[in-house]
Amino acid sequence: MLSRERPIMSVETIRKQARTMMWLVTIPLAGLVLLTALLLGNIVWQGGRYADTVAIYYLPMFIYMWAIWMIRRSLNAIAEGTLFDDVVSTLMFRVGLALLGGALITVFGVPLMTAVAWGRPYITTFEPSPVTLGIVGAALMLFSQLFARATAMRDEIEGFF
């Protein structure tokens, strides 16, 4: 069986790609921030009507925006030359936490909060995709711990030589 090895990119190429990716990630983040500003402006314009509905329904979006912000910050750190080991495990954990948290709030928090606020849960728009995001988030959190442990073991081994 033939194995194909991918060519290893140089550090400089990775840094350039990280800088490009950072700006590409900025575009949807800026769009979400603009959408949030429009939503909040609309709430103010209508005198606060439906503020509780918007706050409950869009709460997961703020957590997902935090995940995108963390990715952008990590890409910027890599582009500026920060060591990958210092960035990757932290990024994986934070993004995993955000995905898991956003998914839990979407699946369980929104129906519970609407049940408290309105007297009945709002489950008519249930989607299975947040469940997938939650599983991916939990896996990323676990992988981040494995990555951090592997990095520590490598550093310990390198200390012998």
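**What the words rest on**

Modeller: Let's start with Val136, which counts as partly exposed at 39% relative accessibility. Residue numbers start from 1 along each chain as its sequence is written, and the model is predicted, so local features need pLDDT of at least 70 and side-chain atom pairs count only at pLDDT 80 or more, while totals for chains, interfaces and linings use all residues. Side-chain values use heavy atoms, with hydrogens and water left out.

Biologist: Why is Val136 called partly exposed?

Modeller: Buried means under 20% relative accessible area, exposed means over 50%, and partly exposed is in between, with a 1.4 Å probe and protein chains only. Val136 has 39%, so it is partly exposed.

Biologist: Where is Val136 placed?

Modeller: In helix α4, residues 129–160. A helix here is a DSSP run of H or I with at least four residues, a strand is a run of E with at least two, and both are numbered from the N terminus. The protein has four helices and zero strands, in the order α-α-α-α from the N terminus on.

Biologist: Why is Thr36 called buried?

Modeller: Its relative accessible area is 9%, and the limit for buried is under 20%, so Thr36 is buried. Thr36 is found in helix α1, residues 11–45.

Biologist: What is Thr36 in contact with, leaving aside its neighbours within four places in sequence?

Modeller: Met61, Phe62 and Met65. Contact means heavy atoms within 4.5 Å.

Biologist: What makes Val110 buried?

Modeller: Val110 has a relative accessible area of 6%, which is under 20%, so the word buried applies. This residue of helix α3 (residues 84–118) touches Ile56, Pro60 and Ile105, not counting residues up to four places away in sequence.

Biologist: Why is the pair of Tyr57 and Tyr58 called edge-to-face?

Modeller: Rings of Phe, Tyr and Trp (its six-membered ring) pair if their centres lie within 6.5 Å; planes under 30 degrees apart count as stacked, over 60 as edge-to-face and the rest as tilted. By this rule the count comes to one aromatic pair. Tyr57 and Tyr58 are 5.3 Å apart centre to centre, with 90 degrees between the planes, so they pair and are edge-to-face. Tyr57 is partly exposed at 39% relative accessible area, and Tyr58 is partly exposed at 27%.

Biologist: How do you know how the protein's radius of gyration stands against a compact globule?

Modeller: The radius is taken over C-alpha atoms, and the globule rule is 2.2 Å times the number of residues to the power 0.38. For 161 residues a compact globule would be near 15 Å, but the protein has 20 Å. Its C-alpha atoms fill a box of roughly 65 × 35 × 25 Å along the principal axes.
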